[in-house]
Amino acid sequence: MKYLVMVQGSHADYEAMAGRGSAHSPAWDKESLTAMFDFMNTLNKELLESGEMLDGQGLADPGETRHVSLDAEGRPVVTDGPYAETKEVLAGYWVLECESLDRVTEIAARVARCPQPAGAPEYPVVIRRIDEQGPSQD
């Protein structure tokens, strides 16, 4: 089975990782950032070696987000810019192929243990099964 494992964050969290903390998210120092990257790199290496990791990426600051929708006449409406500070966004993901939901849950629990500074917000790690067949009415 294939699964999408997602980690969340906010614009304030990206700012905090750049050393600009706020009431929502304390500033990270270089040691905290290095510990987080070392943890993730080790996890990714192990998942690649086990053959379970198909893809995984961290995403850029939500301030670089672009929303595209359509107006009443079907023309694109483009909105740039960051989300509000409290809005959670997808911060990174893994596409994993695991033998069971239990196994991907073990991996997600490990992701949840990623080191971060004291007082940093904690977000759940989200698991979604990838539906390779699509919905059926049968």
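This is a predicted model: local features need pLDDT of at least 70, side-chain atom pairs count only at pLDDT 80 or more; totals for chains, interfaces and linings use all residues.
Local features need pLDDT of at least 70 and side-chain atom pairs count only at pLDDT 80 or more, while totals for chains, interfaces and linings use all residues. Residues are numbered from 1 along each chain as its sequence is written, and side-chain values use heavy atoms, with hydrogens and water left out.

The protein holds three helices and six strands. These are DSSP runs, with helices being H or I of at least four residues and strands E of at least two, numbered from the N terminus. Their order from the N terminus is β-α-α-β-β-β-β-α-β. The C-alpha atoms fill a box of roughly 50 × 50 × 20 Å along the principal axes. Contacts are heavy atoms within 4.5 Å. Of contacts between residues at least 6 apart in sequence, 71% join residues at least 24 apart.

Buried residues account for 32% of the 138 residues. Buried means under 20% relative accessible area, exposed over 50%, and partly exposed in between (1.4 Å probe, protein chains only).

A search of the whole structure finds zero disulfides, a disulfide being a pair of cysteine sulfur atoms within 2.5 Å. For cysteine 98, the nearest cysteine sulfur is that of cysteine 114, 18 Å away. Cysteine 98 is buried at 3% relative accessibility. Cysteine 114 is also buried, at 16%.
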